[in-house]
Amino acid sequence: MFESLSDRLSGVFEKLRGRGALEEKDVSAALREVRVALLEADVALPVAKEFIAKVKERAVGHEVLRSVTPGQQVVKIVHDALVDMLGGEGADTALSFATTPPAVIMMVGLQGSGKTTSTAKIAMRLQKRDKKRVLMASLDTRRPAAQEQLQILGEQSEVKTLPIIAGQSPRDIAARALEAGKLGGYDVVMLDTAGRLSIDEQLMAEIADIAQTTNPIETLLVVDALTGQDAVETATRFKERTPVTGVVMTRIDGDARGGAALSMRAVTGAPIKFVGVGEKLDALDTFEPERMAGRILGMGDIVSLVEKASEEIDVERAKKQAKRMAKGDFDMDDLAEQFRQMRKMGGMGAIMGLLPGMGKMKKMVDQAGGLENKEIVRQEAIISSMTKKERKSPKLLNASRKKRIAAGSGTSVQEINKLIKAHRQMADLMKKMGKGGMKKMAAQMAGMGGGAGLGGLMGGAPDPATLEAAAGKKAKGGGEDDIDFDAIEQALSGKGALPPGLGGPGMMGGGLPGAGGKKK
């Protein structure tokens, strides 16, 4: 969504970084380009003007112009101003539950903005992450099958929904949902209200009536990011008539220019609490101004990447795999597991988008039309075409076996050879780790661009001394039980932030076997 804005800003800042000293005219010229970039991104004119004025006031100061790294200082100032525009550092984007259960969350918005799907997404998030008991109820008696839609989404997300009784008014359904929430011991009751094609008096009267009946602690307005400044206008008009406590912005993964998200807080005063980043029920993120500003300026979003990894990776399974790898036992099944982990996290492109300084590489991956995801699937197909014995012992793969696997997976013998070579390199890496050759392994990982796995890429090359200490008695000839696997995993993941297993061997360091090669 912010790609064009991010590209424009990156170009401006690269020019500033390339200069040893900055004069006031240089800063003014750069800020003119920033203003044009914001306006092209559909940011509201008053917001863009205020943003530029705030940045200029701080950027032309004596400290910045005389700084050793003036370009970096200007980037820092723009980052801080962007955070303020998006909601401010430490903005409270969490939902409030400071009331006697059940806490009522009312979803409002225009028709087609994604209210019903967003209701199910938030409910599933509250139930899975926050361990809340959630009940959903659809008050939309106008749109055909609206109540049935929420019921189906409830089944898919494993969140309870209020049974449908035909002929009830929205107010009666809301009262019944509140009663069911109290009797059933639910923590949260989510009300999906009806929408209209435009704001009218009847819609506002209905929302006010429901609010009076249920006294919601949160009223979330759902707006579509693809509508641009119309989304801001809708939010402004809703806020004039009803106490909106937060905004949910849907379809932020689309090709809209991003101006609505940048203008929303400044124009309406209502914080963006959630953003929809896809069609699936788990495609919902909390809106963190600092993280979003980092993404826009190409600084990445490591925290989101770590959170994503924590959700997707099975920690116990990864620990067992780490123990086997430390003994030098790394077979094709382990390699397939690494591929699955990457696919769960959205593929190489999604991971690169959250890593600092990887914007250009992500763009190349995106322009390849999802090539890296196709390659992952191809490698998995090759491994799936092997027998159990072949996966356990790749040495068995002779010419005739390779031909059979190639025919079964729809690939070529050359691609199979590339996969075997990549596997062998990783297996050798694990053997060195198991034998205590930590310094050599760390040097190899540094040469690969910061790590053999995702953890190495994120945290830089692991410190050899840390790895040696983590290896414990193994480095001195001790037994396998003496290895501190947790310490090894922390060392491999940089600061120990990632779940175990991700810091181990993965396809991030050496790239995908077969990617970039000619298709046969």
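Author: What follows goes through salt bridges, a surface patch and some backbone features in turn. This is a predicted model, in which local features need pLDDT of at least 70 and side-chain atom pairs count only at pLDDT 80 or more, while totals for chains, interfaces and linings use all residues. Residues are numbered from 1 along each chain as its sequence is written, and side-chain values use heavy atoms, with hydrogens and water left out.

Reader: How many salt bridges are there by the rule used here?

Author: A salt bridge is a side-chain nitrogen of Lys or Arg within 4 Å of a carboxyl oxygen of Asp or Glu, and by this rule the count comes to 14. One of them pairs Asp80 with Lys76, with the closest N and O atoms 2.8 Å apart. Because Asp80 and Lys76 are four residues apart in helix α5, about one helical turn separates them; helices here are DSSP runs of H or I with at least four residues, strands are runs of E with at least two, and both are numbered from the N terminus.

Reader: Is Arg391 buried or exposed, and what is its salt-bridge partner?

Author: Buried means under 20% relative accessible area, exposed over 50%, and partly exposed in between, with a 1.4 Å probe and protein chains only. Arg391 is buried, with a relative accessible area of 17%, whereas Asp333 counts as partly exposed at 29%. Asp333 forms a salt bridge with Arg391, the closest N and O atoms being 2.8 Å apart. The pair links distant parts of the chain, with Asp333 in helix α15 (residues 332–344) and Arg391 in helix α19 (residues 388–392), 58 residues apart.

Reader: What polar contact does the side chain of His79 make?

Author: A polar contact is a pair of N or O atoms within 3.5 Å; within protein, one must be able to donate a hydrogen and the other to accept it, and residues adjacent in sequence count only if both atoms are side-chain atoms. The side chain of His79 makes such a contact, at 3.5 Å, with the side chain of Asp80. His79 lies in helix α5 (residues 70–86) and counts as buried, at 12% relative accessibility.

Reader: Which residues form the positive surface patch?

Author: Patches are made of residues with over 30% relative accessible area and no salt bridge, with like charges joined within 9 Å and nonpolar side chains (Val, Leu, Ile, Met, Phe, Trp, Tyr) within 5 Å. Lys and Arg count as positive and Asp and Glu as negative, while His and the chain ends are not counted. The positive patch is formed by Arg32, Arg35, Lys49 and Lys56, and α2 (24–40) and α3 (45–59) each supply at least two of its residues. Lys49, in helix α3, is exposed, with a relative accessible area of 52%.

Reader: Where is the cis peptide bond?

Author: The peptide bond from Pro101 to Pro102 is cis, with omega near 0°, and Pro102 has its place in the loop between α5 and β1 (103–109).

Terms used: Accessible areas come from the Shrake-Rupley method with a 1.4 Å probe; for residues, only the protein chains shown count as cover. The place of a charge is taken as NZ of Lys, CZ of Arg, CG of Asp or CD of Glu.
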